[in-house]
Amino acid sequence: MADSAPDEHDGATAGAYRPHETTVHYGPEFAAQLAALEAGVSPEEHEVIGALPSGSALLIVRTGPNAGARFLLDADVTVAGRHPEADIFLDDVTVSRKHAAFLRSGTTFSVRDLGSLNGTFMAGERIGDTVVMTDGCEVQVGKFHLTFYASRIDLSTGA
């Protein structure tokens, strides 16, 4: 029976299951979406994060007096503090008037404590110097826990 049609289950027909051909590779955008879902990002927040232009980033307050607030980082220096004229106004006694600075260098963002009384923390560790932020990292300023999201354009280009 060498001349018979291939059996439907032998993998020779189009669309047949081929275990050796099922590896799927996902790009940085999918990885970022998955990380966002695991971090509790709402669909609306995911849309806002996805629309960030290159060279910008977003901080979302996860816990603190104004949880859910969003702050765009699109300047070379953005100061967070309790002073009413701070770029990011965090109204709580646990926050110094000029508490921390978010710095942009190209498409890389970092955070620096500005000599605050209570300190600035990243991933639970008090920072003593300027520290580069990575997508999804948490920065704590007083009672405020802010999650950092980089532009998806910059993540996909590896900038």
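**Strand β6 and its partners**

Ser110 stands opposite Val132, a residue of strand β9. This pairing belongs to a predicted model, in which β6 and β9, the latter covering residues 131-132, run antiparallel to one another and are joined over two bridges.

**Pairing with β5**

- Strand β5 (residues 100-105) and strand β6 (residues 108-113) are antiparallel, and six bridges join them.
- Within this pairing, the residue that faces Ala101 from β6 is Arg112.
- The hairpin that β5 and β6 form has two residues between the strands, and Gly106 adopts a positive phi near 70 degrees there.

**The aromatic pair**

- The count of aromatic pairs comes to one, and the partners are Phe109 and Phe148, whose ring centres are 5.7 Å apart and whose planes stand at 55 degrees, so the pair is classed as tilted.
- Because Phe109 lies in strand β6 whereas Phe148 lies in strand β11 (residues 144-150), the pair ties together parts that are 39 residues apart in sequence.
- Phe109 and Phe148 are both buried.

**A loop residue with positive phi**

- Ala123 is found in the loop between β7 (120-122) and β8 (125-126), and its phi is positive, at about 55 degrees, although Ala123 is not a glycine.
- The relative accessibility of Ala123 is 64%, which is why this residue counts as exposed, the cut-off for that class being over 50%.

Key: Residues numbered from 1 in each chain as written. Predicted model: local features only at pLDDT ≥ 70, side-chain atom pairs only at ≥ 80, totals over all residues. Heavy atoms only, no water. Pairing = 2+ DSSP bridges. Helix = DSSP H or I, 4+ residues; strand = E, 2+ residues; numbered from the N terminus. Buried < 20%, exposed > 50% of the residue type's maximum accessible area, 1.4 Å probe, protein only. Phe/Tyr/Trp six-rings, centres within 6.5 Å; stacked < 30°, edge-to-face > 60°.
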